[in-house]
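Please keep the sequence and the structure in view while reading.

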Amino acid sequence: QVHLVESGGGLVQPGGSLRLSCAASGSIFSIITMGWYRQAPGKERELVAAFTFGGTINYADSVKGRFTISRDNAKNTVYLQMNSLKPEDTAVYYCNANIRRHYFPLREYWGQGTQVTVSE
């Protein structure tokens, strides 16, 4: 089995910063893609930032220049540094990964989500 465990969410004032972490654990052969999505109340889940197959990075236009995704391959961990946070960044942030396990086909996994609230 594979698990994605997120941490680092919380309450922050506008203009503040947070760093999210997501660690993948279990019987992992290779991680093909890994990144972050978010879902605000009443809205659809959307891509925030992700490493694609081949190692390139996609960012949502709304977070470019403010958020930075990074990873530690040795730890199967991806990070999201969020700076200059705005109230509209308030959402549940989900880690997402496409992972190939030993002897199993490629499959998509989701973390449990971590709440980020940007408010005075």
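## Lining of the largest pocket

In this predicted model, the largest pocket is lined by Ile31, Ile32, Thr33, Met34, Phe51, Arg71, Asp72, Asn73, Asn76, Thr77 and Val78. Its volume is about 170 Å³. By residue class, the lining comprises 5 nonpolar, 4 polar and 2 charged residues.

Three strands each supply at least two residues of this lining: β4 (30-39), β7 (67-72) and β8 (77-82). The greatest contribution comes from β4, which gives 4 residues.

Two members of the lining, Thr77 and Asn73, may be considered in turn. Thr77 belongs to strand β8. Its relative accessible area is 9%, and Thr77 is therefore classed as buried, the limit being under 20%. The side chain of Thr77 reaches the backbone oxygen of Lys75 at a distance of 2.9 Å. When neighbours within four places in sequence are set aside, the contacts of Thr77 are Cys22, Ala23, Ser70, Arg71 and Asp72.

Asn73 is situated in the loop between β7 and β8. Is Asn73 buried or exposed? Its relative accessibility is 56%, so Asn73 counts as exposed, for which the value must be over 50%. Asn73 and Ser17 are 56 residues apart along the chain, and their C-alpha atoms are separated by 24 Å.

## The disulfide

How many disulfides does the structure hold? There is 1 disulfide, and it joins Cys22 to Cys95 with an S to S distance of 2.0 Å. The link of Cys22 and Cys95 is left-handed, with -85 degrees about the S-S bond. It ties together distant parts of the chain, since Cys22 lies in strand β3 (residues 18-26) and Cys95 in strand β9, 73 residues apart.

Cys22 has a relative accessibility of 0% and thus counts as buried. Cys95 likewise has 0% relative accessibility and is buried. Cys22 has already been named among the contacts of Thr77.

## Asn96 in strand β9

Asn96 is placed in strand β9 (residues 91-100). With a relative accessible area of 4%, Asn96 is buried, because this value is under 20%. The side chain of Asn96 is joined to that of Glu108 by a polar contact of 2.8 Å.

Which residues does Asn96 contact, apart from its neighbours within four places in sequence? They are Leu4, Thr33, Met34, Gly35, Tyr37, Glu108, Tyr109 and Trp110.

## Gly113 between β10 and β11

Gly113 occupies the loop between β10 (107-110) and β11 (114-118). A relative accessibility of 16% means that Gly113 counts as buried, as the limit is under 20%. With neighbours within four places in sequence left aside, Gly113 is in contact with Glu6, Val92, Tyr93 and Tyr94.

The C-alpha atoms of Gly113 and Cys95 are separated by 6.9 Å, and the two residues are 18 residues apart along the chain. Cys95 is also the disulfide partner of Cys22.

## Positive phi in two loops

Ser84 is not a glycine, yet it has a positive phi of about 50 degrees. Ser84 is located in the loop between β8 and β9. Its relative accessible area of 39% falls between the limits of 20% and 50%, so Ser84 is partly exposed.

Tyr103 is another residue other than glycine with a positive phi, here near 70 degrees. Tyr103 lies in the loop between β9 and β10. Its relative accessible area is 82%, and Tyr103 is therefore exposed, the value being over 50%.

Definitions and conventions
Residues are numbered from 1 along each chain as its sequence is written. This is a predicted model: local features need pLDDT of at least 70, side-chain atom pairs count only at pLDDT 80 or more; totals for chains, interfaces and linings use all residues. Side-chain values use heavy atoms; hydrogens and water are left out. On a 1 Å grid over the protein atoms alone, a cavity is a set of points where a 1.4 Å probe fits but cannot get out, and a pocket is an open set with protein on both sides within 12 Å along at least five of seven lines; lining residues have an atom within 4 Å of a point. Grid points are joined across faces, edges and corners, and a volume is the space filled by probe spheres set on the points. Ala, Val, Leu, Ile, Met, Phe, Trp, Tyr, Cys and Pro count as nonpolar, Asp, Glu, Lys and Arg as charged, and the others, Gly among them, as polar. Buried means under 20% relative accessible area, exposed over 50%, partly exposed in between (1.4 Å probe, protein chains only). Contact means heavy atoms within 4.5 Å. A polar contact is a pair of N or O atoms within 3.5 Å; within protein, one must be able to donate a hydrogen and the other to accept it, and residues adjacent in sequence count only if both atoms are side-chain atoms. A disulfide is a pair of cysteine sulfur atoms within 2.5 Å.
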